[in-house]
Amino acid sequence: MKLVSVIAMTGLMALATAGAAEAQNQTFGRVVQGQPAPLQNAMTQSQARKACSQEMRGARESKASINQKMKNCVGQKMQGN
């Protein structure tokens, strides 16, 4: 009887661990897919880069100046500003 209960308990623990791991994988998948972070409308780095490059399209400035502005813009968008 003890052996059966130990096996049943082990099975339940394995299922509980697998469920938690699946939820963690789903969350990780959302983060990796580039979905915007839910806090303060922050963006992922790739989303911020795309948005900033669209804003800077057509700017007539030096490449160094544009790179500096892009760095600042990406940093702000990733923080949600």
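Q: Which residues is Ala 48 in contact with, leaving aside its neighbours within four places in sequence?
A: In this predicted model, Ala 48 is in contact with Met 43, Val 74, Lys 77 and Met 78, once neighbours within four places in sequence are left aside. Contact here means heavy atoms within 4.5 Å.

Q: What makes Cys 52 and Cys 73 a disulfide?
A: Their sulfur atoms are 2.0 Å apart, and the cut-off is 2.5 Å, so the pair counts as a disulfide. A search of the whole structure finds one disulfide.

Q: Which parts does the pair of Cys 52 and Cys 73 tie together?
A: Cys 52 lies in helix H2 (residues 45-56) and Cys 73 in helix H3 (residues 63-79), so the pair ties together parts that are 21 residues apart in sequence.

Q: Why is the disulfide of Cys 52 and Cys 73 called left-handed?
A: The torsion about its S-S bond is about -90 degrees, so the disulfide is left-handed.

Q: How do you know that the buried residues of H3 line one face of the helix?
A: The buried residues of H3 are Met 70, Cys 73, Val 74 and Lys 77. Seen down the axis of H3, they fall within an arc of 100 degrees, so they line one face. These buried residues pack against H2. The face of H3 turned away from its buried side carries the exposed residues Ala 64, Lys 71 and Gln 79.

Q: Which residues make up the largest nonpolar core?
A: The core has six residues: Ala 48, Cys 52, Met 56, Met 70, Cys 73 and Val 74. The elements that give two or more residues to this core are H2 and H3.

Q: What makes Glu 55 and Lys 77 a salt bridge?
A: The closest N and O atoms of Glu 55 and Lys 77 are 2.8 Å apart, and the limit is 4 Å, so the pair counts as a salt bridge. The pair links distant parts of the chain, with Glu 55 in helix H2 and Lys 77 in helix H3, 22 residues apart.

Q: Why is Lys 77 called buried?
A: Its relative accessibility is 17%, and buried means under 20%, so Lys 77 counts as buried.

Q: Which residue forms a salt bridge with Glu 61?
A: Glu 61 forms a salt bridge with Lys 69, the closest N and O atoms being 3.0 Å apart. Glu 61 counts as partly exposed at 38% relative accessibility, and Lys 69 is partly exposed with a relative accessible area of 38%.

Notes: Residues are numbered from 1 along each chain as its sequence is written. This is a predicted model: local features need pLDDT of at least 70, side-chain atom pairs count only at pLDDT 80 or more; totals for chains, interfaces and linings use all residues. Side-chain values use heavy atoms; hydrogens and water are left out. Helices (H or I, at least four residues) and strands (E, at least two) are DSSP runs, numbered from the N terminus. Buried means under 20% relative accessible area, exposed over 50%, partly exposed in between (1.4 Å probe, protein chains only). The arc is that of the directions from the helix axis to the C-beta atoms. A nonpolar core is a set of buried Ala, Val, Leu, Ile, Met, Phe, Trp, Tyr and Cys residues joined through side-chain atoms within 4.5 Å. A salt bridge is a side-chain nitrogen of Lys or Arg within 4 Å of a carboxyl oxygen of Asp or Glu.
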